[in-house]
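Let's take a friendly walk through a protein model.

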Amino acid sequence: MRNGLSAAARLTLVCALGALFLAPAALADIRVGVADDHPKGSPEVATSFYAAMKDVGLTENRITLLWDSARPTTIDGQDNLAAAIQDAQADGVKVTLDIYPSKAKSLTESRVAPGKFAAFVALVARTFPTVKDFIIGNEPNKSRFWQPQFNANHTRAACGAYEPVLAASYDALKSVDRSITVVGIGLGPRGTDNPLAPGNLSISPVRCLADMGRAYRSSKRTKPIMDALSYHPYPNASTDKLDTGYAW
C-alpha cells in the first residue's frame with residue numbers, strides 16, 4: 001500500500017460504494033476491504049497496515065496461504081500469520097484465508113494429493129480457530145493456478161477436477177467447526193475456452209461452473225460443496241466503466 005489505497009483497493013471501494021448507493025436501505029449491509037498479504041511480513045508491518053485500513057474504513061482483508069505438496073503439513077510463515085490475524089482482530093478487521101496450491105499441478109499429480117490438501121485445510125482451521133472464512137482455491141479456470149486445463153482430447157478438465165477438491169475441503173473444514181464459511185472457487189473473470197491457445201489456457205467462468213455442476217451430479221453427493229462463491233471481477237483495463245462486460 002503506497003500513498004493510501006492501491007488501485008485494486010480503490011476499485012473495490014468504488015464498486016462497493018456504487019452497490020451501496022443503489023441498494024435498498026434495508027439491504028445495504030456491505031463490508032469493504034482489500035486482498036493484501038502485507039500483514040504477513042512482520043508484526044510491525046501488520047500493525048501499520050491495519051492502522052491505515054482503519055483510517056479509510058476498510059474492515060476486511062483476504063490473506064493467501066499457499067500449500068506445498070512437498071511439505072503437505074507445513075504452514076509457511078505460521079508465526080507471522082498468527083500475528084497478522086491477532087492484530088487484525090484487535091483493529092476490528094475480519095480476516096479471510098485463501099488456501100491454494102503453490103504449484104498448478106499439485107492437486108492433479110497424484111491421487112492422494114486432494115486428500116492431503118483437505119487435511120492441510122483442516123490443520124489451518126484448527127491452528128487459527130478465530131478465522132471463520134476460508135476460500136478454497138484460486139482461479140482454477142486458469143492454467144497459472146490449475147493444470148491441466150484441458151484433456152488430451154481437448155475437452156475441458158480443470159473445473160471438473162477441482163469440484164471434488166472443494167467438496168473434500170468443505171467436509172474437512174466443517175469437521176473442525178460447523179460455523180466456518182467455506183467460500184468456493186475464486187473464479188477468474190475471463191477464459192479463452194481454446195485448448196490450442198498458444199498462451200493463457202483458460203476456461204470461461206460460466207463453463208467452469210457448468211463443469212463443476214456436472215461433476216457434482218456425477219458424484220451423487222447430496223451435501224453442499226461451498227457456502228459462498230468468490231468471483232474476481234477484474235476489469236479488462238483500468239479505464240473500463242463499471243458496467244463494461246467480458247467477451248464471453
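Is arginine 71 buried, partly exposed or exposed? Arginine 71 is partly exposed, with a relative accessible area of 35%. Keep in mind that this is a predicted model.

Start with the strands. Six of them, in the order β1-β2-β3-β4-β5-β6, form an open sheet with parallel pairing. Its edge strands are β1 (33-35) and β6 (228-231), each of which pairs on one side only. On average, neighbouring strands of the sheet are turned by 25° against each other, direction ignored.

Now try β1 and β2. These two strands run parallel and are joined by 3 bridges. You can find valine 34 with its bridge partner in β2, asparagine 61. How does the chain get from β1 to β2? It crosses through helix α2 (residues 43-55), and this β-α-β crossover is right-handed.

Next come β2 and β3. Strand β2 (residues 60-67) pairs with strand β3 (residues 94-101) in the parallel sense, over 8 bridges. For threonine 64, the bridge partner in β3 is aspartate 98, and leucine 65 stands opposite isoleucine 99 in β3. Between β2 and β3 the chain passes through helix α3 (residues 78-90), in a β-α-β crossover that is right-handed.

Which strands does helix α6 touch? Helix α6 (residues 205-219) touches β5 (181-187) and β6, and its direction makes about 130° with that of β5.

**Salt bridges**

Let's turn to charged side chains. Side chains of opposite charge can pair when their charged atoms come close. The structure holds 14 salt bridges.

| Arginine 31 | Glutamate 60 | 2.7 Å |

Take the pair of arginine 31 and glutamate 60, joined by a salt bridge. This pair links distant parts of the chain: arginine 31 is in the loop between α1 (7-22) and β1, glutamate 60 is in strand β2, and they are 29 residues apart. Arginine 31 is partly exposed, with 44% relative accessible area.

How many residues apart are lysine 54 and aspartate 91? They are 37 residues apart, with lysine 54 in helix α2 and aspartate 91 in the loop between α3 and β3, so this pair too links distant parts of the chain. Lysine 54 counts as partly exposed at 47% relative accessibility, and aspartate 91 is partly exposed with a relative accessible area of 24%.

Aspartate 76, at 36% relative accessibility, counts as partly exposed. Which residues are linked in a network of salt bridges with Arg71? The network links Asp68, Arg71 and Asp76.

Key: Residues numbered from 1 in each chain as written. Predicted model: local features only at pLDDT ≥ 70, side-chain atom pairs only at ≥ 80, totals over all residues. Heavy atoms only, no water. Pairing = 2+ DSSP bridges. Helix = DSSP H or I, 4+ residues; strand = E, 2+ residues; numbered from the N terminus. Axes fitted to C-alpha atoms, helices over the stretch in contact; angles between N-to-C directions. Contact = heavy atoms within 4.5 Å. Right-handed = clockwise from strand over helix to strand, strands pointing away. Salt bridge = Lys/Arg side-chain N within 4 Å of Asp/Glu carboxyl O. Buried < 20%, exposed > 50% of the residue type's maximum accessible area, 1.4 Å probe, protein only.
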